[in-house]
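User: Hi! I am new to protein structures and would like to learn how to read one. Could you walk me through it?

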Amino acid sequence: MFTKLLIANRGEIACRVAATARRLGIRTVAVYDDADAHSAHVQACDEAIHLGPSPARDSYLRGDLILAAARSTGAQAIHPGYGFLSENADFAIACAQAGVTFVGPPAYALAAMGDKAAAKRLMTDAGVPLVPGYHGPDQDLASLQAHADAIGYPLLIKATAGGGGKGMRVVECAADFAAHLASCQREAQASFGNAQVLLERYLPAPRHIEVQIFADQHGHAVHLFERDCSVQRRHQKVLEEAPAPGMPEERRRQMGEAAVAAAKAVGYVGAGTVEFIAMQDGTFYFMEMNTRLQVEHPVTEAITGLDLVEWQLRVAQGQTLPLRQDQITSQGHAIEARVCAENPRLGFLPSTGTLHGLREPQASHFEPSALRIDSGVRQGDAISPYYDAMIAKVIAHGKDRPEALQRLDQALQGLQIAGVHTNIDLIRRVLHTPAFQQGRIDTHLIEQHQAALMAPASAEAEALAVAALM
């Protein structure tokens with residue numbers, strides 16, 4: 001096993017990777033920018049290297065500075081976490097050239113799956129089902145309009161290099177296509193430096209199901225079951241759970257096999273997530289592949305009892321997968337909530353400021369392994385405008401879905417935060433929505449129940465929340 005690991009990320013994922021490394025006896029190196037000089041992830045590691053000023057383009061996105069930090073500290077491997085350089089093929093190549101192990105897939109897999117249009121063409125060849133659409137290189141307006149008319153409306157325009165809901169538009173009719181295309185291309189160019197788009201039939205009321213996969217350098221690939229990530233706001237996930245509510249065993253098997261086929265088609269190595277759009281009639285379609293560890297990986301860890309970061313480190317060092325497919329089992333139900341510093345009633349506007357109060361629910365109120373909280377901030381830390389506004393991930397596990405939901409609700413009620421707006425009230429209202437309770441979930445759930453979910457909290461509830469922190 002490696003003896004020293006540089007973690008090229010920040011916040012909760014850097015703290016989470018450091019925890020596994022510490023358990024395995026691996027020394028860790030943190031990197032940080034000016035805004036993160038006193039952050040939790042810096043203190044969680046054995047050493048820390050200053051990269052530069054904020055924002056990320058001058059620090060966490062500077063692969064040259066990160067490799068220099070690895071060389072100066074003697075780190076043998078770099079774990080990129082998620083975001084930043086985690087899906088950057090050029091950085092993976094630079095690591096290889098510098099003789100440093102990149103804890104992630106090979107550069108050719110990153111490049112192949114990073115272009116959504118190219119990835120979909122690969123999946124067609126592998127026999128993985130796709131949403132009808134156009135994924136070709138011709139980006140001329142007249143050609144795209146003709147393809148859109150042939151696909152039919154409503155349809156989805158999506159940036160090929162996109163993610164996080166950016167560079168995405170729903171077009172209801174042919175007359176609106178050109179304007180939506182231009183808007184999508186502008187946003188894609190600004191966000192990703194690439195204005196190319198693909199077109200797909202827009203599917204009403206779908207579920208967003210993703211399958212965790214793992215592959216090693218010896219040709220073995222497995223899946224670790226699915227996660228339902230359908231509860232979203234503005235195409236970004238709010239709640240993730242496993243197993244997917246109401247998923248028939250036959251469809252679970254089919255989706256797992258399709259995900260493994262997708263991984264093998266690209267010669268994948270390491271942790272990855274194959275994302276599908278699933279319809280109520282049982283059909284499902286490949287959407288994209290995330291070539292990294294996902295924010296919601298603790299949900300899979302909760303039901304399998306496995307440490308996915310440990311698997312990443314072992315695979316990166318050339319070891320075979322720790323388990324065969326028939327040895328991987330699932331126990332109970334788990335659900336994760338992303339607690340963010342944002343104001344849902346103001347269009348989920350990020351909320352910056354100092355965390356004057358931050359109190360986690362008491363662990364003694366829960367059974368062992370029933371509750372997990374991953375966070376990269378502490379009381380007194382600042383939520384800056386430079387980075388993602390997630391404060392914590394709250395993960396609850398139970399013998400079944402009702403127990404997991406009840407435990408998550410109890411944990412969120414006990415999570416007290418002062419100094420910034422949060423989405424805790426919204427999440428708890430979602431948990432109590434009859435449709436969610438009954439497992440009737442799709443990607444429009446928040447939108448469909450917006451009036452009830454966004455209603456102002458009572459003055460009494462707000463007073464109690466403030467009093468709890470005093």
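Predicted model: local features only at pLDDT ≥ 70, side-chain atom pairs only at ≥ 80, totals over all residues.

**Reading strands and helices**

User: Which strand does β15 pair with here, and in what direction do they run?

Analyst: To read a pairing, look for the bridges and then follow the direction of each strand. Strand β10 (residues 207-215) is joined to β15 by 9 bridges, and the two run antiparallel.

User: How many bridges join β15 to β16?

Analyst: There are 6 bridges between β15 and strand β16 (residues 284-290), again in an antiparallel arrangement. One place to look is E275, which stands opposite E288 in β16. The two strands form a hairpin with 5 residues between them. In that turn, G282 has a positive phi of about 100°.

User: Is β15 mostly covered or mostly open?

Analyst: For this we ask how many residues are buried, where buried means under 20% relative accessible area. Strand β15 (residues 270-278) is mostly covered, with 9 of its 9 residues buried.

User: What is the order of the strands in the open sheet of 4 strands?

Analyst: To read a sheet, step across from neighbour to neighbour. Here the order is β6-β9-β7-β8, and the pairing is antiparallel. The edge strands are β6 (133-134) and β8 (166-171), each of which pairs on one side only. Between β6 and strand β9 (residues 197-201) there are 2 bridges, and these strands run antiparallel. Within this pair, G133 stands opposite E200 in β9.

User: Which strands does helix α6 touch?

Analyst: Helix α6 (residues 116-126) packs on the sheet and touches β7 (155-163) and β9. The direction of α6 makes about 105° with that of β7. Helix α8 (residues 177-192) packs on the sheet too, touching β7, β8 and β9. Its direction makes about 170° with that of β8.

User: How do I read two helices packed together, such as α3 and α4?

Analyst: Look at the distance between the axes, the angle, and then the residues that meet. The axes of helix α3 (residues 63-73) and helix α4 (residues 89-98) come within 11 Å and cross at roughly 30°. Angles under 35 degrees count as roughly parallel, and α3 and α4 are therefore roughly parallel to each other. The crossing of α3 past α4 is right-handed. On the α3 side are G63, I66, L67 and R71, which meet F91, A94, C95 and A98 in α4. Those contact residues divide into 6 nonpolar, 1 polar and 1 charged.

User: At what angle do α1 and α11 pack?

Analyst: Helix α1 (residues 11-23) and helix α11 (residues 308-316) pack at about 65°, and their axes are 9 Å apart. That angle makes α1 roughly perpendicular to α11. Here α1 passes α11 in a right-handed crossing. The contact is made by R16, V17, T20 and R23 of α1 together with L308, V309, E310 and L313 of α11. By type, the residues of this contact are 4 nonpolar, 1 polar and 3 charged.

Key. Residues numbered from 1 in each chain as written. Heavy atoms only, no water. Pairing = 2+ DSSP bridges. Contact = heavy atoms within 4.5 Å. Axes fitted to C-alpha atoms, helices over the stretch in contact; angles between N-to-C directions. Parallel < 35°, antiparallel > 145°, perpendicular 65-115°, else oblique. Left-handed = near helix turned anticlockwise from the far one by under 90°. Nonpolar A, V, L, I, M, F, W, Y, C, P; charged D, E, K, R; others polar. Buried < 20%, exposed > 50% of the residue type's maximum accessible area, 1.4 Å probe, protein only.
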